[in-house]
Amino acid sequence: MAVFLYYLSTTPFLPYFLLKKLEKNYRVPTEAELSKSNTLVLLTGRIYGDPGLSLEERFSRETLIRFLSALEIKRKYPQKRLIIVGGSFEGKGASYLKELARRWNIEVEALDTPLDTLQSAKELKKVLSPGEPFFLLTSAYHLPRATFLFKKEGLNPIPYPTNFNHMLCKPSKLFLYFFPSDIYLNLTNLAVQEYLALSYYKLKYLIKRD
């Protein structure tokens with residue numbers, strides 16, 4: 001059974017099923033819906049704060065995809081406020097993305113302190129007005145947990161999905177999809193980690209309420 005589950009984890013079938021369930025309820029807001037708020041909040045993925053790295057080397061794939069999606073909106077709607085939230089274990093985080101945005105003459109705000117989603121929500125409360133609606137940009141698989149935690153902290157997020165990972169592992173009849181690949185193993189790990197984290201926080205708030 002263990003070998004079979006490991007095999008499924010290294011093919012597109014299991015990660016596709018897991019990720020699609022996380023991502024299926026979200027869609028990119030329409031032009032009309034984008035008028036509901038002038039504030040964009042971008043949650044970063046992993047950022048590497050090690051000294052000696054060039055600016056371009058500091059960001060994971062997830063972070064860059066989210067960042068480029070946010071910049072595309074900012075270019076189209078320059079009047080919107082863009083706040084980038086996320087730190088690194090070495091210190092600075094979002095500030096590196098702020099520096100990168102300046103290279104393209106785009107001004108953004110950066111909050112370096114948070115190291116996880118819950119801390120991001122707590123830090124964001126300090127810079128937003130109570131009840132203020134904002135677009136929450138992050139990877140689609142991360143939105144269930146991020147939206148849940150932000151609402152629990154009294155914030156008013158409007159989900160804005162980026163980076164639909166289930167499309168990376170959509171199976172087809174091509175026989176090569178039956179061969180193991182570390183790409184699918186990484187996506188399975190991503191999905192399982194997200195399910196565990198979401199379950200943990202839901203249980204935590206349930207116990208806290210009781």
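This is a predicted model: local features need pLDDT of at least 70, side-chain atom pairs count only at pLDDT 80 or more; totals for chains, interfaces and linings use all residues.

User: At what angle do helix 3 and helix 4 pack?

Analyst: About 45°, with the axes 12 Å apart. Helix 3 covers residues 61-76 and helix 4 covers residues 94-103.

User: What does that make them, parallel or oblique?

Analyst: Oblique, because the angle is about 45° and roughly parallel needs an angle under 35 degrees. The crossing of helix 3 and helix 4 is right-handed.

User: Which residues meet there?

Analyst: From helix 3, Thr63, Phe67 and Leu71. From helix 4, Leu97, Leu100 and Ala101. By class, five residues of that contact are nonpolar, one is polar and none is charged.

User: What about helix 5 and helix 6, at what angle do they pack?

Analyst: About 40°, and their axes are 9 Å apart. Helix 5 is residues 117-124; helix 6 is residues 143-152. Helix 5 and helix 6 are therefore oblique too. Their crossing is right-handed.

User: Which residues make that contact?

Analyst: Helix 5 brings Thr117, Leu118, Ser120, Ala121 and Leu124. Helix 6 brings Arg145, Ala146, Leu149 and Phe150. The contact of helix 5 with helix 6 has six nonpolar, two polar and one charged residues.

User: Switching to cores. How many residues are in the largest nonpolar core, and which touch the most other members?

Analyst: The largest nonpolar core has 23 residues. Leu42, Phe59, Phe67, Leu82, Ile84 and Leu137 touch the most other members. At least two residues of this core come from each of strand 1 (39-43), helix 3, strand 2 (81-85), helix 4 and strand 4 (133-139).

User: Which of those gives the most?

Analyst: Helix 4, with five residues. There is also a second, separate core of 15 residues, with Tyr26, Ile83, Val85 and Ala146 among them.

User: Back to helix 4. Which of its residues are buried?

Analyst: Ala94, Ser95, Tyr96, Leu97, Leu100 and Ala101. Their cover includes helix 3, strand 2 and strand 3 (109-111). Just after helix 4, asparagine 105 has a positive phi of about 60°.

User: And what is phenylalanine 67 in contact with, beyond its sequence neighbours?

Analyst: Leaving out neighbours within four places, phenylalanine 67 is in contact with Leu42, Ile84, Leu97, Leu100, Ala101 and Trp104.

User: Where does isoleucine 73 lie? Is it buried or exposed?

Analyst: Isoleucine 73 lies in helix 3. Isoleucine 73 counts as buried because its relative accessibility is 6%, and the cut-off for buried is under 20%.

User: What is isoleucine 73 in contact with?

Analyst: Beyond four places in sequence, isoleucine 73 is in contact with Leu40, Lys80, Leu137 and Tyr160. For a distance check, isoleucine 73 and lysine 20 are 25 Å apart, C-alpha to C-alpha, and 53 residues apart in sequence.

User: Last one, leucine 34. Where does it lie?

Analyst: In the loop between helix 2 (13-23) and strand 1. Leucine 34 is buried, at a relative accessible area of 6%.

User: What is leucine 34 in contact with?

Analyst: Outside four places in sequence, leucine 34 is in contact with Pro29, Tyr77, Lys80, Phe135 and Tyr160. Leucine 34 and arginine 103 are 69 residues apart along the chain, and 26 Å separates their C-alpha atoms.

Notes. Residues are numbered from 1 along each chain as its sequence is written. Side-chain values use heavy atoms; hydrogens and water are left out. Axes are lines fitted to C-alpha atoms, for helices over the stretch in contact, and angles run from 0 to 180 degrees between N-to-C directions. Helices (H or I, at least four residues) and strands (E, at least two) are DSSP runs, numbered from the N terminus. Angles under 35 degrees count as roughly parallel, over 145 as roughly antiparallel, 65 to 115 as roughly perpendicular and the rest as oblique. A crossing is left-handed if the near helix is turned anticlockwise from the far one by less than a right angle, and right-handed if clockwise. Contact means heavy atoms within 4.5 Å. Ala, Val, Leu, Ile, Met, Phe, Trp, Tyr, Cys and Pro count as nonpolar, Asp, Glu, Lys and Arg as charged, and the others, Gly among them, as polar. A nonpolar core is a set of buried Ala, Val, Leu, Ile, Met, Phe, Trp, Tyr and Cys residues joined through side-chain atoms within 4.5 Å. Buried means under 20% relative accessible area, exposed over 50%, partly exposed in between (1.4 Å probe, protein chains only).
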